[in-house]
Amino acid sequence: MANTNMGKTITAKAQNKKAFGLKLKIFKDKKTNFYVGLGITAFFLLITIVGYFWTPYNPNAMDVDAKYSAMSFTHLFGCDNFGRDIFSRVVSGLGTTFFVGLGTVLIGGLVGIIIGAICGYFGGLVDEIGMRIMDALYAFPSLLLALVFVSLLGSGKYQVIIALGIAFIPSFSRIVRAEYMRCRDLDYVKSARLFGASHFRVIFVHILPNITPVLVSSAIIGFNNAVLAEAGLSFLGIGVQPPDASLGEMLSSAQSFLFSTPWYALCPGIVMIIMILGVSLMAEGVE
Amino acid sequence: MGDNETNILLKVEDLNIVFHDHKRPETAVEDVDFELAQGEILGIVGESGSGKSMTAHAIAGLLHRSEITKSGKILFEGRELLGCKRSELRTLQGNDIGVVFQEPMTALNPVKKIGWQVGEALRIHTKMSQDEIRAKVLEMLASVELDNPEEVYEKYPHELSGGQRQRVCIAAAMICSPKLLIADEPTTALDVTIQAQIIELLRHINRTAGTSILFISHDLSLVRQLCERVIVMRKGLVVEEGVCEAVFDNPKEEYTKQLVAAIPKVDFINKK
Ligand SMILES: Nc1ncnc2c1ncn2[C@@H]1O[C@H](COP(=O)(O)OP(=O)(O)O)[C@@H](O)[C@H]1O
Ligand SMILES: [Mg+2]
């Protein structure tokens, strides 16, 4: 028992990386990584917030005369096949993307923390049952799982959040579980029990604050994956529904005009890539 | 013995602790019997691996795992602890029984302030207000002879020295004025000078608060300085028991003789 626990502890970090694939390291210095990432993310967040109140054009307004117009000062990113301003749509799409990413991390994170904490802390049969359920859930690719949920719940912003949130529970719970297995026999946890603290109090008041670094970095990487997964779902036409803009939905609509109006696909694509890059750099710095 | 039967605080009868997490069951503690009177300091000595910590953990209620079987009785003020429910045990832990560990480095939560940690047992066992808890914690920090309690209150464990941390641990264990303090090698990780101070502090607590102390150590000279009675353990068994002076000056068992022979002579000179 003691030995297997030890083995699992050592692989916890590796597991963290495996569970959430994407990881980037551009600058040697962790701090630089973090601050550059933070800068990029903050920039996009700012644009999103401004975009919530004001965009150059109504993102859904169609201007027949401006159809397929190229990038210019009047239409920064050009216009799409309906004559909608792509820049305005990218900005409002960023909002949707952030919303979906945060919502997913919130649902997946909260449920994952609860399940992982209980499994890791108590061990034994509880752990066995909980983890087998998580394994079963994890065995499905998250996109496929989301597909199943979307087909059950219908498509749209909120359905995507619930679907991705559920799909993300196993990765979070595994990481949290590994941390709790590491912590549960430490002296300060024993001390807490010896003060007469309840299991609930030990789990959430004494241990949880100790694993926040791991939680933060998983949440950031999870956010990235949620953004990509949302784009994937929207690209497949089962995510955010038009006329709501999202980056993935725009990429999907742009497919047919890849050669005639390449900026339609390129602009949201590049914005998404830079945003993901920023968040990944931040995650790298946090570790 | 017969006349002070009523002020027996802790009575351990035929305690057996067996581990089942390997192929062969492993007996860590075998037929251990002892009593601890109110206000008494009892020492447990023995080499490492002799089952001292396991005995202490059983009394403190830490061995609630399925791989461990326990038999016998642990009576605390007449209440059976070994078989009782965890919820019942929790009302005693921190309130009537306090525990201090060997490693002050790891016994404190690294991300919580000292003041918060010392006040934890109060938060669990009493309905005191934030301010009352703060006042009590500061008082406790002062009584374990920490300088600048106000400053220490706001610090994190890594900002304190080993000796200071052990004082903090003692303060946390003593905050609800428990009747029994279990100190499992509380000085082993500390320098010799700090060791002496901690021993002095434990003696002071015993005298002023009347707390019974179960003092566990592999160091006979410390036990001799602090305890009235001692039990000697080896391989999970109690090999000798009695008044400190008698046991050390006139050891009956071969094992105790070896232990006594291993004490550096300086301590004997100091003692006299
Ligand atoms: N997890 C475990 N599995 C099996 N045996 C154990 C375990 N933990 C402790 N023991 C046994 O308990 C015995 C007593 O240990 P302990 O009480 O910690 O000794 P000490 O007197 O040094 O405090 C050890 O010799 C060891 O064989
Ligand atoms: Mg020990």
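Biologist: Which residue forms a salt bridge with A:Asp135?

Modeller: In this predicted model, a salt bridge requires a side-chain nitrogen of Lys or Arg within 4 Å of a carboxyl oxygen of Asp or Glu. The closest N and O atoms of the pair are 2.6 Å apart. The partner of A:Asp135 is therefore an arginine that meets this cut-off. That partner is A:Arg174.

Biologist: How many residues apart are A:Asp135 and A:Arg174?

Modeller: A:Asp135 belongs to helix H4 of chain A, residues 124-139. A:Arg174 lies in helix H6 of chain A, residues 157-183. The pair thus links distant parts of the chain, its members being 39 residues apart.

Biologist: How many salt bridges does the rule find across the interface of chain A and chain B?

Modeller: Side chains of opposite charge can pair when their charged atoms come close. Over all chains, the count comes to 24 salt bridges. For the interface of chain A and chain B, the rule finds one salt bridge.

Biologist: Which helix gives the most to the side of chain A that touches chain B?

Modeller: Two helices of chain A each supply at least two residues to this side: H7 (187-194) and H8 (199-207). Six residues come from the one that gives the most. That helix is H7(A).

Biologist: What is the area buried between chain A and chain B?

Modeller: The size of an interface is often given as the accessible area lost when the parts come together. The contact here takes 17 residues from chain A and 28 residues from chain B. Of the area that chain A buries against chain B, 35% is supplied by A:Asp187, A:Leu194 and A:Phe195, more than any other three residues. Carbon and sulfur atoms give 58% of the total buried area, which is about 2000 Å².

Biologist: Which backbone lies 3.2 Å from an oxygen atom of ligand 1?

Modeller: Ligand 1 is surrounded by residues of chain B, including B:Ser50, B:Lys52 and B:Met54. A polar backbone atom of B:Lys52 is 2.9 Å from an oxygen atom of the ligand, and a backbone N or O atom of B:Met54 also lies 2.9 Å from one. The backbone N or O atom at 3.2 Å belongs to B:Ser50.

Biologist: Which element gives the most to the shell around ligand 1?

Modeller: By class, the shell has three nonpolar, five polar and four charged residues. The element that gives the most contributes three residues. This element is H1(B).

Methods. Residues are numbered from 1 along each chain as its sequence is written. Chains are lettered from A and ligands numbered from 1 in the order in which they are written. This is a predicted model: local features need pLDDT of at least 70, side-chain atom pairs count only at pLDDT 80 or more; totals for chains, interfaces and linings use all residues. Side-chain values use heavy atoms; hydrogens and water are left out. A residue is near a molecule or strand if one of its heavy atoms lies within 4 Å of it. A polar contact is a pair of N or O atoms within 3.5 Å; within protein, one must be able to donate a hydrogen and the other to accept it, and residues adjacent in sequence count only if both atoms are side-chain atoms. Helices (H or I, at least four residues) and strands (E, at least two) are DSSP runs, numbered from the N terminus. Ala, Val, Leu, Ile, Met, Phe, Trp, Tyr, Cys and Pro count as nonpolar, Asp, Glu, Lys and Arg as charged, and the others, Gly among them, as polar. Contact means heavy atoms within 4.5 Å. Buried area is the accessible area (1.4 Å probe) that two parts lose on being put together, summed over both.
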